[in-house]
Amino acid sequence: MDKEASSPRDNPAEIPGRIKELREIMEISVMDLAADINIPYETYRKYESGEADIPISVLYQISARLGTDATVLLTGEDPKIDTASVCRRGKGITVERFPGYEYASLAYNFKNRNMEPLLVHLDPKKEAAPLVSHSGQEFNYVVEGTVNVTVGKKEYILNAGDSIYFDAALPHGQSAVDGPAQFITIIQE
């Protein structure tokens, strides 16, 4: 992934502070927000304090509960476009939210999205992330390399040009096989 895609406004270290600020403005306690998104209090506390990385699926749950777009939490800015949003190569808002996964939001500037398209770079040298589950459905399309996709108890080996569509409520995860890989995921929650 093009490292030039990062900018000062998408510094992942700023995300917990944005969440805390918005939560406090809305007068929601840490305990209530954790309960609302079904995350153990201590886990959520670590996310908001920056002690633990926030999984991208949890980031979307938090943004939904706080009534804001995930872009606000990622960048500190509201999406502005409502007709067509173009994302040039290497210009997506990047964030590493799990070890081994680097995400680039491809539609971060489109208002009221009901899907989240992300370009995901998998680094096989980094530890694989634990399986996650979230509401909705998910689509993965492998752009380059080979990706092992786990959905529930099954594993699928996908090569460049292969895709998979699945129920995101099932525990799932992706890992690179034999070298770096990239895939596009579209998440509908």
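**Contacts and overall form**

I began with contacts (heavy atoms within 4.5 Å). Among those in the protein between residues at least 6 apart in sequence, 63% join residues at least 24 apart. I noted that this is a predicted model, where local features need pLDDT of at least 70 and side-chain atom pairs count only at pLDDT 80 or more, while totals for chains, interfaces and linings use all residues. Residues are numbered from 1 along each chain as its sequence is written, and side-chain values use heavy atoms, with hydrogens and water left out.

Next I read the secondary structure, taking helices (H or I, at least four residues) and strands (E, at least two) as DSSP runs numbered from the N terminus. I found five helices and seven strands, in the pattern α-α-α-α-α-β-β-β-β-β-β-β along the sequence.

Then I checked the extent: the C-alpha trace spans about 45 × 35 × 30 Å along its principal axes. I also looked up burial, where buried means under 20% relative accessible area, exposed over 50%, and partly exposed in between (1.4 Å probe, protein chains only). Of the 189 residues, 45% count as buried.

How many residues of α4 are buried? I found seven of the ten, so the helix is largely enclosed by the rest of the structure. The buried ones are Ile56, Ser57, Val58, Leu59, Tyr60, Ile62 and Ser63. After α4 comes glycine 67, with a positive phi near 70°.

I then searched for pockets on a 1 Å grid over the protein atoms alone; a pocket is an open set of points where a 1.4 Å probe fits, with protein on both sides within 12 Å along at least five of seven lines, and lining residues have an atom within 4 Å of a point. Of its 13 lining residues, Tyr60, Ser63, Arg113, Glu116 and Glu189 are the closest to the centre. Helix α4 (residues 56–65) gives the most to this lining, with three residues.

**Two asparagines**

Last, I looked at backbone angles. Asparagine 38 has a positive phi near 60° without being a glycine; I located it in the loop between α2 (30–36) and α3 (41–49). Asparagine 38 is exposed, with a relative accessible area of 69%.

Asparagine 112, also not a glycine, has a positive phi of about 55°. I placed asparagine 112 in the loop between β2 (101–105) and β3 (116–122), and noted it as exposed at 70% relative accessible area.
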